[in-house]
Amino acid sequence: MFVLGLMGSPRRQGNTDLLLTAFLDGAQAQGAEVLKVDVAFKNIAPCQECRFCEQHGFCRQHDDDMREIYHLLRRADVVALATPIFFYGPSAQLKALIDRSQAFWARRYVMKLTDPKANFRKGFLLAVGATKGKDLFIGTSLTAKYFFDAVAASYEGFLGFRQMEEPGAIASHATALGEAKEKGEGLTGALAARRRCLFLCRENAGRSQMAEAFLQYHAGDKFDCQSAGDQPASEINPLAIEAMAERGIDLAFRRPRGMDQIADGDRPFDLIVQMGCEQSCPVTPSGRVAIWELEDPAGKPLEFVRLIRDQIEQRVKALIATAA
Ligand SMILES: Cc1cc2nc3c(=O)[nH]c(=O)nc-3n(C[C@H](O)[C@H](O)[C@H](O)COP(=O)(O)O)c2cc1C
């Protein structure tokens, strides 16, 4: 399980940073892999409103750090958006990232594609401001609500703290860091109870990617699943992406992963499904192992990829039914 923290303050070790760190500590205590991204120190250009993404599903500006952020947002099971209040909104650095998420909005609402994690990904806002106005968090929480909708996460609300001005002031607040930690624990804990499933194949570019996506799409609230390959390819097979898009399922921004990038963690996998990597698979399976005899669609035409896609979906549905 992967929890992504987007830190929107330009002040490291400031109030936002401390609050987000407490949230991520809580998530980590539940066994999650966590990553804090210092957004203010990334190179993220603002949206140019060229509307390229509405036609192609990708941003035309692809030479900055958003490339990585798109990937991380798609990997995340929980996203924490953390920001100081600047003129009743989020920081400009964070807002640039939010606006560039229009590419996700376009994929969802123009291209009608569903992110496989859409039915269980959670989003949460952490915010701090110096004043005590009652409307202090209204603008930012509305922005967060629509950001989370675009990135296919349910908006789980926010924690906002007033009268925090000096860097680190939040550490003296009686409850703030404890509340943030508890939130991180609570949101992650709800997902931590899911059964763990790992799909393995040679390149993690076709079969295991489609299986992972189908299981997340059909039963991601019950299964925490990942996929990997023993010889990971540089990118997902474009025909696998196309075949899944025909079913309305979006594999964009996902990447093949090596088996060494898979954390078995404190809790072993309940099920490991191998498809074509049985001979070379270096993983010592810690859970139940199933072997799915499926031909490798690499280098084959779209019609063939479709056949494999349909076989995988049937097997995934059977897996769900037997686990129920
Ligand atoms: C450009 C700028 C605009 C700000 N606007 C507001 C504001 O509208 N309302 C408010 O309460 N605080 C405002 N603040 C204060 C910060 O929100 C506050 O100091 C916060 O604790 C900073 O968090 P940080 O330590 O994570 O950077 C502003 C600060 C800056 C630098």
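Welcome to a predicted model, in which local features need pLDDT of at least 70, side-chain atom pairs count only at pLDDT 80 or more, and totals for chains, interfaces and linings use all residues. Residues are numbered from 1 along each chain as its sequence is written, and side-chain values use heavy atoms, with hydrogens and water left out.

**Around the ligand**

- S9 brings a polar side-chain atom to 2.7 Å from an oxygen atom of the ligand.
- Backbone atoms take part too: a polar one of V128 is 3.5 Å from a ligand oxygen atom, and a polar one of E165 is 3.3 Å from a ligand oxygen atom.
- Of the 640 Å² of accessible area that the ligand has on its own, the protein covers 77%. Accessible areas come from the Shrake-Rupley method with a 1.4 Å probe, and for residues only the protein chains shown count as cover.

**A nonpolar patch on the surface**

- W105, Y109, V110 and M111 make up a nonpolar surface patch, and together they have about 310 Å² of accessible area.
- Patches are made of residues with over 30% relative accessible area and no salt bridge; like charges are joined within 9 Å, and nonpolar side chains (Val, Leu, Ile, Met, Phe, Trp, Tyr) within 5 Å.
- Y109 sits in helix α5, residues 102-110. Helices (H or I, at least four residues) and strands (E, at least two) are DSSP runs, numbered from the N terminus.
- Y109 counts as partly exposed because its relative accessibility is 34%. The cut-offs are under 20% relative accessible area for buried, over 50% for exposed, and in between for partly exposed, with a 1.4 Å probe and protein chains only.

**Salt bridges**

- A salt bridge is a side-chain nitrogen of Lys or Arg within 4 Å of a carboxyl oxygen of Asp or Glu.
- K36 and D17 form one of them, with their closest N and O atoms 2.7 Å apart. This pair links distant parts of the chain, as K36 is in strand β2 (residues 33-38) and D17 is in helix α1 (residues 15-29), 19 residues apart.
- Within that pair, K36 is partly exposed at 31% relative accessibility, whereas D17 is buried at 2%.
- D135 and K134 form another salt bridge, with the closest N and O atoms 3.3 Å apart. Here D135 is partly exposed at 36% relative accessibility, and K134 is exposed, with a relative accessible area of 70%.
- D310 and R309 also meet through their side chains, at 2.9 Å from N to O. D310 is partly exposed at 32% relative accessibility, while R309 is buried at 6%.
- A network of salt bridges links R74, R107, D115, R121, D250 and R254.

**Single residues to look up**

- R100 belongs to helix α4, residues 92-100, and is buried, with a relative accessible area of 3%.
- The side chain of R100 makes a polar contact of 2.8 Å with the side chain of D64. A polar contact is a pair of N or O atoms within 3.5 Å; within protein, one must be able to donate a hydrogen and the other to accept it, and residues adjacent in sequence count only if both atoms are side-chain atoms.
- E49, in the loop between β2 and α2 (52-56), has a positive phi near 50° although it is a residue other than glycine. E49 counts as exposed, at 67% relative accessibility.
- F87 is not a glycine either, and its phi is positive at about 50°. F87 lies in the loop between β3 (78-84) and α4, and is exposed at 88% relative accessibility.
- L81 is part of strand β3 and counts as buried, at 2% relative accessibility.
- From L81 to P232 the C-alpha separation is 31 Å, and the two are 151 residues apart along the chain.
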